[in-house]
Each structure stands twice: as C-alpha cells, then as structure tokens.
Amino acid sequence: MSRWSRRKFLKTSLAASASAVAAKTVLPLSGAVDTRAVTNEYAGAGPHAVQNAGANASPRERLLLDFNWRFALGHASDPAKDFGFGAMRREATFAKSGVFPPMARADFDDSAWRRIDLPHDWAVELPFVNAPLLPEHGGKPLGREFPETSVGWYRRVFDLPASDAGKRISVEFDGVFRHAMVMFNGHYIGEEFSGYAPFRFDLTDFANYGDKNVLTVRVDATLGEGWFYEGAGIYRHVWLTKTNPVHIAPCGVYVRSEVRGKSARVFVTAEVQNESDENRKCGVEISFATSDGWLFGITDAESATVPPWGRQTFDLAANFDNPQLWSSENPHLYSVLVDTTADGTLTDRTETKFGIRTIRFDPDKGFFLNDQPLKIKGTCNHQDHAGIGAALPDSLQSYRIERLKEMGSNACRTSHNPPTPEFLDACDRLGMLVMCETRMMSSNPEGLSQLERMIRRYRNHPSIFIWSLGNEEREQGTPRGARMVTSMKRLANKLDPSRLVTMAMNGNWGKGVSGVVDVQGFNYYEQNIDAFHAQFPKQPMIGSETASHFMTRGIYGTDKEHGYVSAYDVNAPSYAKTAEAWWKFYDSRPFLAGGFAWTGFDYRGEPSPYSWPCISSHFGILDTCGFPKDTYFYYQAWWGAKPVLHLFPHWNWPGKEGQEISVWCHSNLDSVELFLNGASLGVKKMDRNSHVEWKVKYAPGAIEARGSKDGRVLLTEIRETTGEPTALRLRPGRAKIAADGEDVSVVVVEVVDAKGRIVPTASNEVSFRVSGRGRIIGVGNGDPSCHEPDKGEQRSAFNGLCMALVQSLKELGAIRIEASSAGIESASVAIQAEAATPRASMA
Ligand code: GAL
C-alpha cells in the first residue's frame, strides 16, 4: 500500500508529519488496498452506515443500548411505592457491596413494568395539571408536590459473552433528566445530577461474563434546572462500549486545523489509556477519509510506553492541500481514523468527523467564517418537540434544523444547556453554526465538570463557533462572577484553544463577567448597545438573545380566554422586540456579529404573556410541531436568498363583513400590490427589513398579493374564503424512511374544504390508524393551550393542521397511515420503510 511519506512524531512540537498531498489524490477505500478493511459503506451511506462500518472495522464495539428497556414510575417520598428503595433495610445500603435494592438484581421480576425504547421522556406522558408555577414548566406534575410522578425506574437485562472477559466495558449516557442513580448487577455504580451533561461509568469489574447482566437506573426529576419544560427520564441515547485494555480515552481525540493560504494544517491529539497492569508500548496512526469514501494521509506518531493504568497524549499533524472548507453553504466534512497499537497489535480504532474552517470575530466588522463576513442570523432553541417532549429521535433533530435552514437561518444557540450529539451532527451536516451553552455557570466542581464534559465531547464539531458560559446569571456583574468565569474560561481554553467564549448577559455590561469573556453577549436591551460599543470598542459583540416576540400560529387578535396572541409581528414584552425591530437594529450595525432570536420553535412551558390553561410558549417562529407562523416568512424574506411573498391573515372572517382587517405581506421583492376580489387596493413599496400592510374592509372572496421585482410580477399569493371542512389530506414529510426502528416521518394532516383549500380555522378531531411496518410515537397540533395527550392516536387540528410522528420498526415494507374525522372524508397515505443498516445495538 502506498502511503503518504511518514515521519516520526516530535513530541515537543507539532512538527510536520506528512508531506502535502492533494486531498483528492487518494487511496480508494477497499479491503484490497487497505488491509484494515474500511468498507465503502463506511464512507457515507448515511450516519448509521458510517458508524456501523466504523465499529465493525474496529476492535472497539460501541453498541446502542436503546431498545427493550422496562420502565415503571416509582415514588420520591414513599419507599413502599418506590420498590422498597430508601427503606431502612440492609438491602438499601449504599456501602455494602452487592446488596443494593432488589430491582437492581437480575432476578427481580419486572414483567409488570412497561416495555419501552429510548429515548424516553415520561413527563410528556403525564396529564396536564394546573398548580402554582407548573404552566411555566409545561404543566406536567413534576416536583416535590408530585412525588408519585417524579421518579422513574429503568431496567435493561442483557447478556455479555464469556469472550468479553478481559475487555473494558463501560456504559455511556448522553443525558438523563435528572439525577440518575446507576446500578449494575445489584451494585451501586454512581450518580449523575445534571440533566444535560453526558456521563459514563466503567462496568468492567461488575459484569457477569457469559451470563445475564442487569442495568438499573433510578431517575429523579423532582428538582428542575431551568424555568422551562425539561422532560423526565433517559431522554437521550445510551451506549455500551467494549474496548481492549489499551484504547483511546473517552472523548480523547481532538482535531483542529489552521488554514494557511490554500492549504490547511490539521492537528490531531489522541489520548491513549492503558487499563492494564503492564507497561505497553503504544503507537498511534491516523488517516483521513473524505465524505465520499477516500482514505488518505496516513501519518503515525513515535511510539511511547504507556505505564499501567496511565495515559499518554500523542500529537500528530498533517497538511491538506486545497482542502474543502466547511461552511454554511457547503458543510464539507472529513473524518480522521485514529488507530492505536499496543506492542504492535491494533487495539483500538475510532472515527471522528471534523471540518476545516476558520472563524474569527472583529470588534468593528463582526463575525467571519473562512475569512468572509457572516452575519449571524440565529435562533435560540430549547430541545423539546410536539408529541415526544425532550426525547427526540435523531431524524427529528435534522427535521428541526432543516426548517430553520429553509428560513434562511445560519445559526442556533443551544439555550440553555448542551444539546444532544445528534443535534450537532445535524448542524455539522446541514451547515448550521452553533453557540453551544453549558448549563451551570460556576467554577464549583460540578460546574467545571459539566463544562469539561461538554467541551471534550463536542469540540470536534465544526458547527460550534463559540462556547457560551452562562445565561442571565445573578453574578454576571460582580467580581465574584468574574472570578468564576475566569476559571471556566481557563478550562475552556485548555480543552479547546480554537474557540472564544461568551456569556449571554441581560445587564451589567462593562462589569464583572464582561471583562472576562472574549465576545460580549447581549440579551435584549438594545438601547445599551451603542454606548457599550463606544466604551469598549475592542470587544466583539453578539446578540446572544433577541426578539422574544409572542405570536400564536393562525390567530389574528388577542384571545386571553384561550391563551392566544396575535400572529402579526406586534407583540413583545417590554425588554424585548418584534422581529422587525430587532433585526433592523442588528442588521444596520456592522460591528454586531448578528443575533439569536428567542426562539426558533415554540417549547413547552413559559406561556408568557399567559398562564394556565396555556402551557406552551408563543415565542417560536415555528410552533411546537414545526408549522411556520407568519413571522417565519419575515425572516425568510430578509435572511434567505430566494424571493419571498407571504400574505396574511386568512380570509375567513364571517360576521366581520365591512370591518377593517389588517392585511400584511412579508416579502423581499420591490413592491407589492394588493387586490380584494379583483380590485386593486394599491401598490406599496417594500423597504428593506420591513413589511407592508393595508387596512381592508372585509368582504368574503379573496385577497391577492402580487409581488414585483424590476418592474414585473414575480410572485403572487392568494387567500380565499374557504368553505366548511369536507375532508382530510395527509402530507408525509418524508415518503421513505429507514427501517431501523428509529427513523421518523412527520405526517401532516390538513383539514380541507371541497376545493382542497386548507380551512384555516378548522379544529376537527382527527383519529389516526397506522398499520404495517410503523408506529405513532406522538401527535401534536401547535396549540399552546391544548391539553390533549401527546401520546395516543387522536389529535384535534389547530387552525387547520395537526400531525403524527410515524416511526419505522426494524422491518421493511409499507407503513399505511389513515386519518379520519367525524362527518368528513378520511385520508390515507403509505410511506416506505426501506432497507437500512441499523446501528450496532445490544441484543
Ligand atoms: C430570557 C431568558 C429565556 C427566556 C426569555 C423569555 O430572559 O434567557 O430563557 O426566559 O427570557 O423572554
């Protein structure tokens, strides 16, 4: 096999290790050429295929542990209802080895527990309850007043073959809400309090080899971390990892690059861990793969002796000639394969995706990606979605990012916590920049540990362009806050010298933490921005949180009784701004790097300006299902690249004949002419970052907007007075999904009239029936005051729309979805569950 020229690793400097080779003069990935057998599948038949093939080619096994769990609610205060947990008995002691409660042992009978698959959020399954402060958290009975619904137990029984003896076995949780107590084969293993930080435990000593094992997790969601809905349970993936004693440390590969002219220098740091009693002579070799399956650039490091139970860091580097850069429009990804040998034998291989790009902030000119100015057109988002709460299948992450990309958005802020790995994978793949935020602003051990886990786990994602160390913190303006954040920044810089840090501050700019962070984050209060810039002209600035506009999809007036706000872009709390107001402000100031609107999607909780019966927010540009509100098109017009013309409201106003209705258009064309029933109501010029509006005396029929560019009509939009609902129509988001038991299609239901027009006020109750190779995992309609269950097979339409999330089974074939509603015509549609390589998972 021909190789790049190999040079020895120089420990003291990241010295040149490979001669320049054009990224495309490469070795094909085939067993014949590369005896390490990376298959073509590896190279890009989708994320699952890549992972599987990577796992097959590696001595390491990373197995998804999501399927076939058992679940039961326990009790936060009554041991008798918590399976005896916490009773003052011998078997409840923590310190006595192997005598942990019965449900932690393999012989416990859990047949009465419910069979579930992860990710799982039990909060979303609970009824809505009105109690003080609950609407702020989504109206679900979690907390000290609700001990009977605040604790959940999870059990998973699995076999480990006798051949696993001698390997290192660990379990990795991407996130559990909250306070997870992990037990294995009757032994107490450990606890994790954070609801968002990834964590892992080594199970090697506790495993039964050639026998059954039981992993038990008690999850206590009594205490929350935020002021919004946070879910409850093992709502992210769980992995079981088996490695040789000599292996890459967890999150032990760090890739960064420096672009120099037309080439790039890629630095790879690999931490090798020797979990054996012998000295081991270890070597590390890296090679790179393009996204279309070509392997190149093999480089190795000088071998080193790693002491028993010790760690050694290997630094390697390679030059890329004419690398394809990662950008918003062309999010090009490479992979680095890191092979570890011990005494000449391959013991581990990991695959890490990365991107080559430059990022920088300029205090006068804002943010630059690959040396090009890029205004951040961002949204803040929480992580929950209709139907499933916080437990999103991976494809829903992509669905959400795609909706935001279509709007012209180029960035997300993961307010106010680290996201899932799959969210970041989607952002990497789709070209969405990310401000990644830690949950706890503190330099206490917990705060630093959460920060470290976030950065180590996520620092290779090219989408992340800045770390956020907190949000609107009490200590943001104090010397104590400055000391805490100094410690956090020190850690962030050590773990990832390639990115700056910021803090989302809502006051005290110029004091405390302001002097510590590299980039000043502004939450709201734009009136202070110019003065800050004048006083601190060398500090770059970004709108870490803006907007907080209220709007309910399809509602065009205030409706306090139902808890709805008008969808015109006119409502925001006193500290906040409408879409048009904040964006005009930010767009006109080149020194501002851009900003993040609160929020992209509606989320559960924070139903401002209302409370019960309202239980979801109105801040979203899209609702909880991902249905766009009218303001979506404002952003699309001024953030996106394509011509936009959007006319609203709908034209169904019986009883309002002769009364004035505000008619708005969002557009980026030169002018718009409005017609009512064929008669022109005049042409209006469209100013940059604005909208146009008319007062129109209502008469049933149609309003029509004709948008012109360069003197000719480019787009037209019509809103017609519809008839009564006569039928349902189904629109599957994806007509083909992978038969891997995970993939999801968002199936939208439209309530239509006899002419096939969506009836914009329809609220018909829809029943779903799914047959064949799929199942419904949740339903929703985007109504922020709706108390119908998310789980089940019914949902009312809200303003003409509702949806079901349809998930594949691990079986090929058709999934038929039928939707029916009393008195109108039913609809049905089939989607295909197609052959897919399911991810390697535990049997
Ligand atoms: C901000 C806060 C967000 C959200 C928002 C609502 O102050 O950071 O989490 O509460 O207000 O306007």
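1. A charge sits over a ring if NZ of Lys or CZ of Arg is within 6 Å of the ring centre and within 35 degrees of the ring normal. Arg-706 does this with Phe-675, its charged end 3.9 Å from the ring centre. Arg-62 likewise lies over the face of Trp-239, at 4.0 Å from the centre.

2. Please keep in mind that this is a predicted model, where local features need pLDDT of at least 70, side-chain atom pairs count only at pLDDT 80 or more, and totals for chains, interfaces and linings use all residues. Residues are numbered from 1 along each chain as its sequence is written, and side-chain values use heavy atoms, with hydrogens and water left out.

3. On to the ligand. One of its oxygen atoms is 2.6 Å from an N or O atom in the side chain of Ser-548, and the corresponding distance is 2.9 Å for Trp-227 and 3.0 Å for Glu-545. The protein covers 92% of the 310 Å² of accessible area that the ligand has on its own (Shrake-Rupley method, 1.4 Å probe).

4. The whole structure holds 48 aromatic pairs (Phe, Tyr or six-membered Trp rings with centres within 6.5 Å; planes under 30 degrees apart are stacked, over 60 edge-to-face, the rest tilted). Phe-83 and Trp-153 are edge-to-face, because their centres are 6.2 Å apart and their planes at 85°.

5. Trp-582 and Trp-639 also have centres 6.2 Å apart, with planes at 80°, so this pair is edge-to-face. Ring pairs join both to a cluster including Trp-583 and Tyr-635.

Terms used: A polar contact is a pair of N or O atoms within 3.5 Å; within protein, one must be able to donate a hydrogen and the other to accept it, and residues adjacent in sequence count only if both atoms are side-chain atoms.
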